[in-house]
Amino acid sequence: MRQLRGVITVLGVLGTAAAAAGVAAHYLGVVDDTVARIAAFTPVLVVLGAVAVLLLALTRRWALVALALVVVGTGVWSQVPLFTGSAPGPNAGGDTIRLMQANIRLGEADAAALVRTVTDERVDVLTLVELTEKGAQRLLAAGLTDVLPCYVARPRDSGGGAAILSRFPLSAGTRLAGLETNNLQAVAQLPGVGPIAVYALHPVPPYPGPAEEWATELRRLQTIFAAQDLPVLVGADFNSTYDHRQYRDLLREASLVDAAEYLGAGLVATFPADQWYPAVLGIDKILTRGGTPQSLRRVDLPGSDHYGVIGDVRFGAS
C-alpha cells in the first residue's frame, strides 16, 4: 500500500508540474521553440493538473493538494476569457458577411465537398491557405468560382499558397511583404457598407522552428494592420493558439477581435482533424476590426488535416 501511495504521489506531482509548465508558458512572452510547444497545449496540461489534484487527494498529501489547486486555478483563470464572451445583441442594422476559413492541406482537401459546404452554408467570403496549383485546378473544376466569382489567388506548392474568394467585388489584391508564405490582402466592396479589407493569413509555425521567425511574422502583421485604415476581416491559420502570448499581443496591438473570444465560444479546436483522437489546437481563426462577430462554428473539411471555421460578422451597425 505504501508503494502504491508513493506511485500515486509521483504521478500527482508530475501532473502538477505539467500544468505549471503550461500556465507559465501561457503568460510568458519568451520566444522559444519549447515554450511555444508547451503553450499550445496549455488547456490539456491544465486538465492533467486537475487529475493530479484528485490523485494527490487520494494520498492525503494536503500541502501538495493545495499547491496543485493553486496551479490549476491559475490555469482555469487563463482560459476564462474564451468562455465569457459577449452574446450577439439584437440586429442594430448594418450588413453581415459570412466568412469561411479553410486550410486545405497542400491542396489535397476534397474540392467537391468544399464547394458543397460553401454553397450550402451560403458563404460570402472564403479564405484558403495551403493552396497549390493542382488544388486550385481541382477547385476550379468543382465549380468554386461559380459560387464565389470574385477572387485573388496566389497558389504555391509546399503549403505556401493562399486565396480570397468572394461574392462581392474584390480589388487591390496583393501579397503581403515580409512574410514567408503567400499571405494575401484584398478589398471587398460590401453593399450598403463600403470597402472592407479582407486577409487570408498563414504565418509560419513556431515549431519545429525557429520560433523567432514565427514571432517576427506576428510582429510584422502588427505593422501591417496598423497601416490599414479600412474595417478588417481576417480568415487565418495562425499556427498560434490563444495560449501563445505573441498571438494575444497581436490582437491587442492591432485592436483585433478574435471571434471565438468575443463570443465566448471556448476552445474551437481545428487541428489535427485526421487522427483517432480529437482536435486539440485552436489555430484556425476569424478576426475582425470594425465589425461585430455574430457566430462562429467548426465545419468538416474532408481530405484536410484541419477543420474549417465559419463565422458571421456584422459591419456598419449603429
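Visitor: How do the residues of the lining of the largest pocket divide into nonpolar, polar and charged?

Guide: Rolling a probe the size of a water molecule over the atoms shows where empty space is left. The model is predicted, so to speak of local features requires pLDDT of at least 70 and side-chain atom pairs count only at pLDDT 80 or more, while totals for chains, interfaces and linings use all residues. Residues are numbered from 1 along each chain as its sequence is written, and side-chain values use heavy atoms, with hydrogens and water left out. A pocket here is an open set of points on a 1 Å grid over the protein atoms alone, where a 1.4 Å probe fits and protein lies on both sides within 12 Å along at least five of seven lines, and lining residues have an atom within 4 Å of a point. In the largest pocket the lining comprises 10 nonpolar, 11 polar and 6 charged residues, where Ala, Val, Leu, Ile, Met, Phe, Trp, Tyr, Cys and Pro count as nonpolar, Asp, Glu, Lys and Arg as charged, and the others, Gly among them, as polar. The space in this largest pocket is about 430 Å³, a volume being the space filled by probe spheres set on grid points that are joined across faces, edges and corners. Its lining has 27 residues, and H202, V204, P205, Y207 and N239 are the closest to its centre.

Visitor: Which elements give two or more residues to the lining of the second largest pocket?

Guide: The second largest pocket, with a volume of about 180 Å³, is lined by 13 residues, and A136, L140, T145, Y151 and A153 lie nearest its centre. The elements in question are α6 (133-141), α7 (144-147), β3 (150-154) and β4 (162-166), where helices (H or I, at least four residues) and strands (E, at least two) are DSSP runs numbered from the N terminus. Helix α6 gives the most, with 4 residues, and the lining as a whole has 11 nonpolar residues, 2 polar and no charged.

Visitor: How many salt bridges does the rule count, and which parts does the pair of R167 and D124 tie together?

Guide: Side chains of opposite charge can pair when their charged atoms come close. With a salt bridge taken as a side-chain nitrogen of Lys or Arg within 4 Å of a carboxyl oxygen of Asp or Glu, the count comes to 9. In one of them, the closest N and O atoms of R167 and D124 are 3.4 Å apart. R167 lies in the loop between β4 and β5 (170-175) and D124 in the loop between α5 (111-120) and β2 (125-129), so the pair ties together parts that are 43 residues apart in sequence. R167 is partly exposed at 34% relative accessibility, whereas D124 is buried at 13%, where buried means under 20% relative accessible area, exposed over 50%, and partly exposed in between (1.4 Å probe, protein chains only).

Visitor: Which residues do salt bridges that share partners join into one network?

Guide: In helix α9 (residues 245-253), R245 and D249 are 4 residues apart, about one helical turn, and their closest N and O atoms are 3.3 Å apart in a salt bridge. R252 also meets D249 in a salt bridge, at 3.0 Å from N to O. The network joins R245, D249, R252 and E253.
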